[in-house]
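Me: I have a structure open and would like to learn how to read it. Could we go through some features together?

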Amino acid sequence: MILTHVNVWLDVVFFTLYPIILVALGVHFLGNILTGRAYRRFVKWQWPEHEHPPIKALPKFLHFQHLACIGLLVLSGLYIRFPFFTGGRPFMRGVHYFAMTVVIVNLIWRLWFAYGSRVRDYREFVVNRRDITTMPQVVMYYLFMKPSKPHLGKYNVMQKGTYILFVPMLILQALTGLALLEFWKLPYIGMTPSDLLVGWWLGPMIGSTSLAVAYARIAHYVINWLFIIIVTIHVYLSVSEDFAAFLDFFGLGFLDKRHAQGKAGHATAPGHTPMPAPNAAVDDARGLTGSDLL
Amino acid sequence: MYRRVPLVVTGGLLLAAVGLAGAAYAAAPTTSINTTPGQQPWVPGQPQAQPGAAPAKKTAPSPAPRSIAPAGTKPYALDFTLPTLGKSGCMVCHGDRNLIRIKGDQYISYFVPEGIIEGSAHGPGKKTGPAGVLCTGCHLDFASTTPHRNNDGWQRTAKSACRACHTLEDDAFGKGEHAINDRPGQIDTKADKKPLCGDCHGAHDIRRLDAEGQADLHGNGWQVCGRCHQKEWDSYSDYYHGAAYTRGAPDAPACWDCHGSHLILPSEDRRSPTNQGNLAATCGGDTAGKTCHTKVNDDFLSYSGLIHRKAAILQENWLYSFIKKTQTGISDALSNIADTVRSWFG
């Protein structure tokens, strides 16, 4: 009962929700046009200035390959569930495993970079009290109820929240994905990843190892859709809010000259109110950003 | 004296050869396909003269095309023992690509590609012997009745001849739903629609069950089962079984992985592997040498309700129905608006 109807319900809900989100983003962009934000940005080419030095090639490449792998994972994963052409299963599965490996390596490296390296840029993602108190203003800015949002650091509170959310989502997605490997026994251990991840604890709890794997598959599918939705919104906002930086990130354009010289100030850009009060933690982090060392 | 011996022997041999040739000439059938006028060099596509045979009479008429001869024509006196074009026996005619019969507005080919049997499971092998299974091993009714009579039942004979060797499979088949019910006093009204061995397994090109052959067989679900069970084939669309299998996934289950092969029974039958009581063994047990799922329970087995019913369950979903109706409503409304606007402009 659960497996039959939940699977169908998930399809119906997400295939309904995603077009609604696309329409909502379209409506939001209409808001950008009506309020003149789109004119200022895309016609007069007034984009936020960036206080950090220009991003170097390596972080751009890492971001690009991560995005490409996430895209491949979504495409191949949806193919495995909804095969939309004939004969592609082994290939798509191979693509899925390859992209999975890259993304897991990326995740491990990024966590080390955030917490273990000299840079320790996790501070840039910490949601502090000022983020919480100014969050309504950020939300109101995106809802066109305020002309600007407070500038607190490299990322605003919604960006921080999203990027923080990515970490547990990626970990869960990796674990639930590995838990689907029922037929491949790990060398030396003699257990399958399914046994290792869900078989020994969830299996006995619900009475079936295969049922535990089926639940892992459902979780994997739900998280997949969360990724699709969040990445779509991320892409939309990066285009509509800072298209110049978007182009720069993919090597298709350049940020303004002042930014290239490291003289620009993000806080003075259109759509930003000056930074409220100094914050030692943020300032410390700003003194030694990840891109400085790369 | 001894010098004359070779001469005498040679002369005797020559006389014997002439005598034998004359006898062979006298005995040669006038319509034999080997009696090509004159001893011409062999030309591909043309009948080849039997080496050593005497030249035929130049007046011997060339036979009419035998393959499209109307029923009732007097049988040809074919010699099935002599090789022609490197072929012998049945392949003398059935190795000819042009061997067809016209039935109504259809051309029916009786051509059997050379080597197809040799490459099949019935070709030479340990079980089939150095010659493999001969044509008459399956075409039993042609074994002693060459050339062919107007025998409409030859296909049924050939398709059922497997039982002569594959007794275990035939025994299982006979107990299943596909077997014709021949119990006394009962008439099987579905007898004409029920398959024989050859309907599922094919004919001359039955694959060996090596890895390649198994992979080939695995992908033949529609050919084996689906073309009769179209409704079941169409409904086999759930995520990880049907949708994957019908799109050629080599690791997705074929029909017979769940339903069994020769002993086919309806799911209501308690002996059927897809009967509710046997699902644990079918899904979680060792099926055809592989275990698909481990430690299954009733909650897990409830997924089987989706395997042939995904489309139906989707239709039953109220949100899906609502969206579909909304889509239809919007589409109709837009169509009406377009019609109205079009009517304004005549």
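Reply: Gladly! Keep in mind that this is a predicted model. Let's begin with a pair of strands: B:Lys103 stands opposite B:Gln106 in strand 2 of chain B.

Me: Which residue is the bridge partner of B:Ile100 in strand 2 of chain B?

Reply: For B:Ile100, the partner in strand 2 of chain B is B:Ser109. Strand 1 (residues 100–103) and strand 2 (residues 106–109) of chain B run antiparallel, and four bridges join them.

Me: How many residues lie between strand 1 of chain B and strand 2 of chain B in the hairpin?

Reply: There are two residues between these strands of chain B, and in that turn B:Gly104 has a positive phi of about 65 degrees.

Me: Now the helices, please. What is the angle between helix 1 of chain A and helix 9 of chain A?

Reply: Look at the direction of each axis. Helix 1 (residues 2–34) of chain A and helix 9 of chain A cross at roughly 5 degrees, and their axes come within 11 Å. Angles under 35 degrees count as roughly parallel, so helix 1 of chain A is roughly parallel to helix 9 of chain A.

Me: Which residues make that contact between helix 1 of chain A and helix 9 of chain A?

Reply: From helix 1 of chain A they include A:Leu3, A:Leu10, A:Phe14 and A:Phe29, and from helix 9 of chain A they include A:Ile218, A:Trp225 and A:Ile229. Sorted by class, the residues of this contact between helix 1 and helix 9 of chain A are 16 nonpolar, three polar and no charged.

Me: At what angle do helix 3 of chain A and helix 9 of chain A pack?

Reply: Helix 3 (residues 57–81) and helix 9 (residues 209–249) of chain A pack at about 145 degrees, with their axes 12 Å apart. The crossing of helix 3 of chain A past helix 9 of chain A is left-handed. Among the residues in contact are A:Lys60, A:Ile70 and A:Val74 of helix 3 of chain A, and A:Phe227 and A:Val231 of helix 9 of chain A. Seven nonpolar, three polar and two charged residues make up the contact of helix 3 with helix 9 of chain A.

Me: And how are helix 5 of chain A and helix 6 of chain A arranged?

Reply: Helix 5 (residues 129–142) and helix 6 (residues 157–178) of chain A pack at about 110 degrees, their axes 9 Å apart. That makes helix 5 of chain A roughly perpendicular to helix 6 of chain A. Here A:Asp131, A:Thr134, A:Met135 and A:Val138 of helix 5 meet A:Val157, A:Met158 and A:Lys160 of helix 6 in chain A.

Me: How many residues does each chain give to the contact between chain B and chain A?

Reply: Chain B gives 25 residues and chain A gives 26. On the side of chain B that touches chain A, the largest share, three residues, comes from helix 16 of chain B. That side of chain B has 14 nonpolar, eight polar and three charged residues.

Me: What is the mean pLDDT of chain A?

Reply: For chain A the mean pLDDT is 86, and 86% of its residues reach 70 or more. Over residues 277–294 of chain A, pLDDT stays under 50.

Definitions and conventions: Residues numbered from 1 in each chain as written. Chains lettered and ligands numbered in written order. Predicted model: local features only at pLDDT ≥ 70, side-chain atom pairs only at ≥ 80, totals over all residues. Axes fitted to C-alpha atoms, helices over the stretch in contact; angles between N-to-C directions. Parallel < 35°, antiparallel > 145°, perpendicular 65-115°, else oblique. Contact = placed C-beta atoms within 7 Å. Left-handed = near helix turned anticlockwise from the far one by under 90°. Nonpolar A, V, L, I, M, F, W, Y, C, P; charged D, E, K, R; others polar. pLDDT = per-residue confidence, 0-100. Pairing = 2+ DSSP bridges.
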